[in-house]
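Reader: Hello! I would like to get to know this model with you, one question at a time. Please start with the ground rules.

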Amino acid sequence: MSHIEEIPCIEVLSSVVFIIEGVVEETHNPQAIESHLNTCAACRAEVEHEQAMHTLLQDVLRRSCDEKAPEDLHRSIHEELLRQASGTGVTEVVTQYSMTEISIEIDEFGNVEHREIQIEQTHVQHFIEDEK
């Protein structure tokens, strides 16, 4: 019979992210954490609450962050691929840096209180003539 080390609540609660993400085996003592959650109602309730908040946040992000690439981007990529395939004239080199920062505040009832989206973008374009 194997002996599972008893661990304090604080150690279990400090591993809550691993538990929620389903990777409790990456913690120092996964068997002790699982055993503790089976016997400690307070820790189990806290983990269940954190899982519910994690799921709620994912659902809100899925609903709020449904961005699609603009049609002109699709068109320009398609045109560039056709131009490269045909081997004609000008090759376009595009370097693009972008950053999207999303900040969402959610109240305890799951309502979005504040949403801020900040998008920064730098676009550099070079045209190189093919030498024949």
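Author: Contact here means heavy atoms within 4.5 Å. Helices (H or I, at least four residues) and strands (E, at least two) are DSSP runs, numbered from the N terminus. This is a predicted model, in which local features need pLDDT of at least 70 and side-chain atom pairs count only at pLDDT 80 or more, while totals for chains, interfaces and linings use all residues. Residues are numbered from 1 along each chain as its sequence is written, and side-chain values use heavy atoms, with hydrogens and water left out.

Reader: Thanks! In what order do the elements of the chain run from the N terminus on?

Author: The chain holds five helices and two strands. Read from the N terminus on, the order is α-α-α-α-α-β-β.

Reader: What percentage of the residues in the chain is buried?

Author: Buried means under 20% relative accessible area, exposed over 50%, and partly exposed in between (1.4 Å probe, protein chains only). Of the 132 residues in the chain, the buried share is 17%.

Reader: Which elements do the buried residues of helix 3 pack against?

Author: Helix 3 covers residues 30-39, and Ala32, Ile33, His36 and Leu37 are buried in it. Seen down the helix axis, these fall within an arc of 135 degrees (taken from the directions from the axis to the C-beta atoms), so they line one face of the helix. An α-helix has 3.6 residues a turn, so residues three or four places apart point the same way. The packing partners of the buried residues in helix 3 are helix 1 (9-13), helix 2 (16-20) and helix 4 (41-64).

Reader: And which exposed residues does the face of helix 3 turned away from its buried side carry?

Author: With the buried residues lining one face, we can look across the helix. The face turned away from them carries the exposed residues Gln31, Asn38 and Thr39.

Reader: Is Ser15 buried or exposed, and at what relative accessible area?

Author: Ser15 sits in the loop between helix 1 and helix 2. Leaving aside neighbours within four places in sequence, Ser15 is in contact with Thr27 and Ile33. Ser15 is buried, because its relative accessible area is 8%.

Reader: How far apart in space are Cys65 and Ile102, C-alpha to C-alpha?

Author: Cys65 is in the loop between helix 4 and helix 5 (71-86) and is partly exposed, at 27% relative accessibility. Cys65 and Ile102 are 37 residues apart in sequence, and their C-alpha distance is 8.7 Å.
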